[in-house]
Amino acid sequence: MTTTYTPSEMAWINMPTEQKDIFNNIAYKDGNPDLDGYDWFNHLVPEPLQDNPQEVEVFMNGGEVTQEVWVYDQGVNSGHYETVTHELPDRDVSRIESGHNGGEYTPDNTVMEDSSINRSRQADNMSAEDLESAQDAAALDAELIDGGTTFAESGDIATEAMEASPEVASELLGATGEFLADVAAPAIGAYMAGTYVASKCKTTKDKVGYGSLTAGAGALLCLTPPGQTVLAITCGVKLGLRIAKWVKPMLEPKTT
């Protein structure tokens, strides 16, 4: 009889022992005899990263992710590669309902979250906004680690160009490249940053004030000299999300 394993199970079987111990320790803390280290590994680590121990390590404990990005050169119907480095945070297994308030280490009460954010919350429960932010950040970082790129739907042309060869990228971006670099990316970056922060504010005054402030920051950063190349085409949307993530905790008053 042949035993068949899922990709996730094979990843666990082939994982170094010292890395398995991270998840076995979580299972021990959880105290549920029906859940073992594999169950926690499968719950906490995004599926695209599970088969690569180095990617699992960076997702859990932070590190740098470097990507070679094809960047369209304005006016010459060509482009070049540039290296983009992303600094990713160390993560904690955060409880949605805090331990202080009776929350347990169970899959339905835990999420991977930037450790500095988790620890600053102390004994408070996660809000719905906190949970959404943690999930969004984990998904974005998983895509970065896996070597992918994140775009809004309006960035489909740029996405196709990134995945194609340099020659095909030039053709795809030819007529629209300068528009994307000069107008679309800064606008998308501003829109994403502004609307995200505005959606987290409680009053109309804060929505207008803080949303406009963050949108302006997103647009300005997308228009800097680096923004004319790497940021404008490849990182406009991603940068907007990052700006929103950085600014939102500073603007939103802590509730108890």
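In helix α6, the residues S133, A134, A137, A138, L140, D141, A142, L144 and I145 are buried. Buried means under 20% relative accessible area, exposed over 50%, and partly exposed in between (1.4 Å probe, protein chains only). This is a predicted model: local features need pLDDT of at least 70, side-chain atom pairs count only at pLDDT 80 or more, and totals for chains, interfaces and linings use all residues. Residues are numbered from 1 along each chain as its sequence is written, and side-chain values use heavy atoms, leaving out hydrogens and water.

**Helix α6**
- Helices (H or I, at least four residues) and strands (E, at least two) are DSSP runs, numbered from the N terminus.
- Helix α6 covers residues 128-145. Its 18 residues should span 26 Å at 1.5 Å a residue, and its end C-alpha atoms are 26 Å apart, which agrees. The expected span is 1.5 Å times one less than the number of residues.

**Hairpin**
- Strands β1 (residues 63-73) and β2 (residues 78-88) are antiparallel, paired over eleven bridges. Two strands pair if DSSP finds at least two bridges between them.
- D73 has S78 in β2 as its bridge partner.
- Four residues lie between the strands of this hairpin, where G75 takes a positive phi near 80°.

**Salt bridges**
- The whole structure holds four salt bridges. Each is a side-chain nitrogen of Lys or Arg within 4 Å of a carboxyl oxygen of Asp or Glu.
- D92 bridges to R119, with the closest N and O atoms 2.9 Å apart. This pair links distant parts of the chain: D92 sits in strand β3 and R119 in helix α5 (residues 115-121), 27 residues apart.
- D92 counts as buried because its relative accessibility is 12%. R119 is exposed, with a relative accessible area of 53%.
- E113, R121 and D130 are linked in a network of salt bridges. The closest N and O atoms are 2.5 Å apart for R121 and E113, and 3.4 Å apart for D130 and R121.
- Both R121 and E113 are buried. R121 has a relative accessible area of 8%. D130, at 21% relative accessibility, counts as partly exposed.

**Surface patch**
- Y5, M10 and I13 form a nonpolar surface patch with about 270 Å² of accessible area together. Patches take residues with over 30% relative accessible area and no salt bridge; like charges are joined within 9 Å, nonpolar side chains (Val, Leu, Ile, Met, Phe, Trp, Tyr) within 5 Å. Accessible areas come from the Shrake-Rupley method with a 1.4 Å probe; for residues, only the protein chains shown count as cover.
- M10 lies in helix α1 (residues 7-14).
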